[in-house]
Amino acid sequence: MSDTVLNAVLAIAILGASALLTHLFARAMYVTCQKCGTLNARRRSQCRSCGETLPHRPAP
């Protein structure tokens with residue numbers, strides 16, 4: 001029984017850590033359009049979906 005609980009806790013920890021790293025990577029590499037919510041590469045000046053001017057945030 002304790003092995004099953006330990007395996008479940010380990011799986012949750014691994015999935016949580018990978019979700020956190022993915023979120024941090026996306027925040028560092030992409031800018032979200034405030035009009036339509038599309039993710040755009042930092043180098044873009046206009047949204048690839050709606051053409052709205054994107055805010056420029058400095059790279060972390």
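A disulfide, as counted here, is a pair of cysteine sulfur atoms within 2.5 Å. By that rule the model has 0 disulfides.

Before going on, a word on the source. This is a predicted model, in which local features need pLDDT of at least 70 and side-chain atom pairs count only at pLDDT 80 or more, while totals for chains, interfaces and linings use all residues. Residues are numbered from 1 along each chain as its sequence is written, and side-chain values use heavy atoms, with hydrogens and water left out.

Back to the cysteines: buried or exposed? Cys33 counts as buried because its relative accessibility is 3%; buried means under 20% relative accessible area, exposed over 50%, and partly exposed in between, with a 1.4 Å probe and protein chains only. Cys50, at 32%, counts as partly exposed.

Next, Arg42. Arg42 sits in the segment after β2, residues 39-41; strands are DSSP runs of E with at least two residues, helices are runs of H or I with at least four, and both are numbered from the N terminus. Arg42 is buried and yet has no salt bridge, meaning a side-chain nitrogen of Lys or Arg within 4 Å of a carboxyl oxygen of Asp or Glu. How far away is the nearest side chain of opposite charge? That side chain is Glu52, and the distance is 17 Å. For charge, Lys and Arg count as positive, Asp and Glu as negative, and His and the chain ends are not counted. A polar atom of the Arg42 side chain does lie 3.1 Å from the backbone oxygen of Arg27.

Now the surface. Phe25, Met29, Tyr30 and Leu39 form a nonpolar patch with about 390 Å² of accessible area together. Patch residues have over 30% relative accessible area and no salt bridge; nonpolar side chains (Val, Leu, Ile, Met, Phe, Trp, Tyr) are joined within 5 Å, like charges within 9 Å. Areas come from the Shrake-Rupley method with a 1.4 Å probe, and for residues only the protein chains shown count as cover. Met29 belongs to helix α1, residues 2-29, and is partly exposed at 42%.

Note on methods
Polar contact = N/O pair within 3.5 Å; in protein donor to acceptor, adjacent residues only side chain to side chain.
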